[in-house]
Amino acid sequence: MSRITIDPMTRLEGHGKIEIFLDDDGNVVNSYLQVPELRGFERFCVGRPVEEMPVLTNRICGVCPEAHHMAAAKAADAVYGVEPPPAGRKLRELLYSAFYFADHTTHFYILGGPDFIMGPDAPVAERNILGVIHKVGLEIGSKVIQARHYGHTTVEMIGGRKVHPCTAVPGGMTKSLSETERAEIERMGRWAVEFAQFSLKLFGDAVLGNPEYRDLILGDAYSHRTYYMGLVDAQNRVNFYDGRVSVVSPDGERVGTYAPHEYTDWISERVEPWSYLKFPYLKKVGWKGFVDGKDSGIYMATPLSRLNAADGMATPLAQAEYERFYATLGGKPVHQRLAIHWARLVELLYAAERWVELATDPEITSPDVRVVPTKTPTEGVGIVEAPRGTLTHHYRTDERGLLTMVNLVVGTTNNNAAMSLSINKAARAFIKAGTVVKEGLLNRVEMAYRAYDPCLGCATHSLPGRIPLQVSIRDAQGNPIRVLRSEDA
Amino acid sequence: MANDFEPVIIGFTCNWCSYRAADVAGTTRLKYAPNVRLIRLMCSGRIDPTFVLKALADGADGVLITGCHPGDCHYLEQNYKAMRRHRLLQRTLAQLGIEPERVHLTWASAAEGAMLAQTIDRFVEQVRGLGPLRWPARPRPAAPAAGHAEAAEAAQVEEAAS
Amino acid sequence: MKPKFAMYWAASCGGCEIAVLNIDAKVLDLDANFDVAFWPAAMDVKYKDVEVMADDSILVTLFNGGIRTAENEHMAKLLRRKSKILVAFGSCANEGCIPGLANLSSRKVIFDTAYAGPSTENPGGIRPLTVAAVAEGELRLPAFEPVLRTLDQVVEVDYHMPGCPPESHQIAAVVDLLVQVVQGKAELPPKGTVIGAGQSTVCDECPRQRDVKRISRIRRIQEMPPLDPAVCLLEQGLMCNGPATRSGCNARCPQAGAPCIGCYGAAPEALDQGARMMTAIASVIEGKDAEAIDEVLDGIPDPAGMFYRFSLAHSLLRASRSAHRETEQA
């Protein structure tokens, strides 16, 4: 048996490596996605005051701190049994919509996009944002820079800073919006809608319009039939900030929806000894190993999952794109992972439209953005959709509001098993006996995870610990029969 | 079984009352435990928690802070600041797993030499009972040489030798 | 041949990378004057490619993230060898940042908590291993160190750039300086300098009005009635780390109605950011006896977390006793 190691995974957030095992003929026997990082938020947040969680958990991820900021604020609201005033809630969602716009732009143009704009086999030195700007020219390059600038500036105006916002607290926000700020945010939002439409057109021309890429997207190498998950509003339309979590089967049937406090009825997390990242799966279906299909509890979060799990988009232009998406790809649900890139752009448009909707809401400049809680703090769960997937923050506190328990199920964590499947399938599809394994080929294997827009710093919230030597004897289904540990000797 | 651990204690004393009390103890040849190394400051209000933390980090097992009685501070109110800093420091040390009793604040007027000697003896015994602190030394990278390559080589030689 | 530039993340969050991208069009100046040799966030150069680079062949590396695992330590030493100039970039590399709070707990306690959450199903008590046997062979994970360290506790650091993350206007200024240096128009400051930051505290940059402080009650932000946007937050009884934190950020958080949480690290010449906070707060609260003082201090239920939020790993004590004990046993 020989092996190929891809280390580190690149053009994503966080640390990961891929090990591909080959038999003596050169066929892929198995592949493993290992996440070698941990920092321990669930442990070291215990003992901290709950109102700090929006700024503490920001540091789980600097690419999506806004997601943690909002999930933490919502969980803290729930701990105190309060709801922010309408203007406070809308400000949070406005910040969140602008953030989504910036983040999805970053992923498409900087992280995942270069594989399509430069090509999967382009030289490493060119297959990145700088190569993209040289190729598409400064006019388009400047648009991308402006898109990120507008998104992050809006976040800063509401959240205090561009990275790691500070204004969401239990009960609402620490500042309201002035009319000058609102007008500027509206102006930027309208530009953002146009940019999103431009991006969808670019995708249509440069990606779908290229037969090689079209085949990659529609083909089987990157396709898996799994369950899908995403937040939906009361009309079952995609919502990033609030709602119930909808779960649909590989056939597209809705299995059910759940409220934040019910998440433990739906999700369990497994541990493997070769990764610090746990593997969530649907409890009702059960863990059947690294396989897809209706009988396997493996599910996916991601923009594609949100579109699959919802009945539509809540804004008109995005809804039209949603319909065109499914019409082109042959109906719901769509299983091809590379289509996540397209679904992400449909969400880009929704984020921009929602940005304008909220910026023009009559209540958005109200000074009434925070309430003072009166109840004794106890326990609460807050759920938002991070760009990579459903993000759950669950807290328990003492009567002073100091944390006694923190449990997080994070966006990319949801996708750990699904990404493992995707990497393994792509490896088998591209690496076979007799193949000369060039760098571009390995990049095609990496494209299998890049579509998920992984945020592995987010995903790893297990805790640092001594690693004893452990021998685990398992049955054919992978269930441990006996575990021997060095510290037990 | 006798506890033969000899605590190392740093004593920060204020110039006006408590240093003079220590002086009185000395000139009247009162015996008291030799474990306290005295450092004189102009006022207990000069004590920055940094001094206490540095003492503990650099090998002290305990820290004694002495100042004038409340109301008698030579600079009027600064010993109240010492009290507040001390109490805040104790709360923080407890969270770091260091017994708050290792940092003791006491008042002594210039005339109270005997009382101060007793306080010192009691404190030394208390710290003896708590045991040595033995805070680990700060990690430092390999000693910088003229160039990075040399530094790396030095580190490798060190590793091989250990 | 353009000089080489690298940016690497150890135990980090990616925020420093985003902050660099947020210099917007100035990233093109970086591109015009440097070859980006290694930047896992943005390009596909792998570890094996770095291992074969010549020593000192990278002119400047921005290293963010703390040293948490053996892999982080290896990369710190590797990039030190390959780089002429190594910058500790961002709070994690400089003082450990928020992940440094893990140093309050021993690994065992952390470990025992990790695999027993409300949503974790682990009846076999499985733990991640440095060497795991799978059907096809062995899989390895980097060892977890009991105490998180900062970059300068592991390798020699040439410059320090604080912030969580460093604010983009500061990054832009540093990029300008680097470009000038490369073009022979400017010199770098002396080694060891803190760059891209101010020489005072956040209070100096904060526009809120400051008067005499006599704080008789400290409350938490959710307990506060609407705060006066023009008056110092500390004076209104809200804890704020401004007095102990280095300037350079334009005091954005206090301007947004939120307290400074200390992300730019210790104020200049402060050996220990937490101690500096303790002394600052003690100087301005009321109370002349133990009971009165304790009543005020009860408004700070988590002093270690509050004062050492970003800087525990670089403080004088660095970690809790139980965390250090595990290092000794390792």
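1. The side chain of Ser18(B) makes a polar contact, at 3.0 Å, with the side chain of Thr66(B); a polar contact here is a pair of N or O atoms within 3.5 Å, where within protein one must be able to donate a hydrogen and the other to accept it, and residues adjacent in sequence count only if both atoms are side-chain atoms. A polar atom of the Ser18(B) side chain also lies 3.0 Å from the backbone nitrogen of Cys14(B).

2. This is a predicted model, in which local features need pLDDT of at least 70 and side-chain atom pairs count only at pLDDT 80 or more, while totals for chains, interfaces and linings use all residues. Residues are numbered from 1 along each chain as its sequence is written, chains are lettered from A in the order in which they are written, and side-chain values use heavy atoms, with hydrogens and water left out.

3. Ser18(B) counts as buried because its relative accessibility is 0%, buried meaning under 20% relative accessible area with a 1.4 Å probe, protein chains only. Leaving aside residues up to four places away in sequence, Ser18(B) touches Thr13(B), Thr66(B), Gly67(B), Ala108(B) and Leu116(B), where contact means heavy atoms within 4.5 Å.

4. Turning to the interface, the contact takes 48 residues from chain C and 40 residues from chain B. On the chain C side, Lys288(C), Leu317(C) and Arg321(C) lose the most area to chain B.

5. Between chain C and chain B the count is 5 salt bridges, each a side-chain nitrogen of Lys or Arg within 4 Å of a carboxyl oxygen of Asp or Glu. Asp298(C) forms a salt bridge with Arg91(B), and their closest N and O atoms are 3.0 Å apart.

Technical notes: Buried area = accessible area lost by both parts, 1.4 Å probe. Buried < 20%, exposed > 50% of the residue type's maximum accessible area, 1.4 Å probe, protein only.
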